Amino acid sequence: MLTSGWKSVSMVDVHGKVTFTLWLCGCNLRCPFCHNWRIAEGLDCFPLDEKALLDELEASAFLIDYFHVTGGEPLVQWRELGSLFAGVKLLDVPISLNTNLTLVGPLEKLLKADLVNHIATDLKAPTALYGLPEKASLTLWKLFLRGLEVVSDYGVPLELRIPVARNLEQWPYIEEGLRRIKTDFYVVLNPLVGRPLTNPRNEAWCSEHCWPAKEVEELREKLEGLGIEVYVNQFGTPNDTKLKGI
Ligand code: SF4
């Protein structure tokens, strides 16, 4: 399995939880705001030393709420991930998976094997934020919606993250996504940021759409108006950021 590293104790990767976080390489999307794009593209990656990871996890298990896997898109390496999760389960550590929810078949296999206790995913306007041609983006959006249904079918709690962009209409997609969720969930609004706090894949895109202002409060009001529990990440603390030096 290709990784770019892990952090044995993290307070910023799952809302309100302490995690042992592992970053896996590769991704099937090309999001323009992606601040982990080097990992997503398989750069700065090396083979995972599974035994070293499990030893370190065992040592810090008493401190953490979840073993959290992010990337990149972890399900790109789903077979190896399933075997890693089986090893983590033997340590009695709950497992959290951050996925873009478009690789539904692999996701369902891991859920069916009872290997995932918590899911985090981004709900994002596909044609603007998947970074792919429109037709491919819309196909992947349908898979994402199906992914929300599968997570609901298995009753896995969900952290629904919404990357908030400036000057971009996202609400129709958010409404469509919310209609598919029938499991416990809360929303984390992640205002998109660029340099110097992060290193986005597409800086020209980011100069037009990062650093939202009124959009964050507008979304919070709409979601809270629907009775949804909402948290807002402060600028500079996006979930799962592979910060320099980690
Ligand atoms: S933001 Fe997530 S889904 Fe998008 S390219 Fe980056 S790692 Fe992949």
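## Before we start

Residues are numbered from 1 along each chain as its sequence is written. In this predicted model, local features need pLDDT of at least 70 and side-chain atom pairs count only at pLDDT 80 or more, while totals for chains, interfaces and linings use all residues; side-chain values use heavy atoms, with hydrogens and water left out.

## The whole chain

Let's begin with the overall picture. The chain has nine helices and nine strands (DSSP runs numbered from the N terminus: helices are H or I with at least four residues, strands are E with at least two). Its radius of gyration is 17 Å, close to the 18 Å that the globule rule gives for 246 residues, so the chain is as compact as a globular protein of that length. Here the radius is taken over C-alpha atoms, and the rule is 2.2 Å times the number of residues to the power 0.38.

Along its principal axes, the C-alpha trace spans about 45 × 40 × 35 Å. Of the 246 residues, 53% count as buried (buried means under 20% relative accessible area, exposed over 50%, and partly exposed in between, with a 1.4 Å probe and protein chains only).

## A sheet of nine strands

Strands of a sheet pair through backbone hydrogen bonds, either parallel or antiparallel. In this model, nine strands form an open sheet with mixed pairing, in the order β3-β1-β2-β4-β5-β6-β7-β8-β9 (two strands pair if DSSP finds at least two bridges between them). At the edges stand β3 (46–47) and β9 (230–232), each with a single partner strand, so one side of each is left without a neighbour in the sheet.

Now look at β2, residues 19–24. Six of its six residues are buried, so this strand is largely enclosed by the rest of the structure. T19, T21 and W23 point one way, while F20, L22 and L24 point the other. On one side, β2 pairs with β1 (residues 2–10) in the antiparallel sense over five bridges, and T3 stands opposite L24. β2 also pairs with β4 (residues 66–70), in the parallel sense over five bridges; here T19 faces Y66 and L22 faces V69.

V69 stands opposite L97. Both faces of β5 are covered: I95 and L97 on one side, and S96 and N98 on the other, are all buried.

## Around the ligand

The residues surrounding the ligand are C27, L29, C31, F33, C34, G72, N100, K124 and R201 (each has a heavy atom within 4 Å of it). This shell divides into five nonpolar, two polar and two charged residues. Ala, Val, Leu, Ile, Met, Phe, Trp, Tyr, Cys and Pro count as nonpolar, Asp, Glu, Lys and Arg as charged, and the others, Gly among them, as polar.

Most residues other than glycine have a negative phi, and most peptide bonds are trans. The bond from G71 to G72 is cis, with omega near 10°, and G72 lies in the loop between β4 and α3 (78–90). The bond from R195 to P196 is also cis, with omega near 10°.

D44, in the loop between α1 and β3, has a positive phi near 55°. W211 has a positive phi of about 60° although it is not a glycine, and W211 is partly exposed, with a relative accessible area of 34%.
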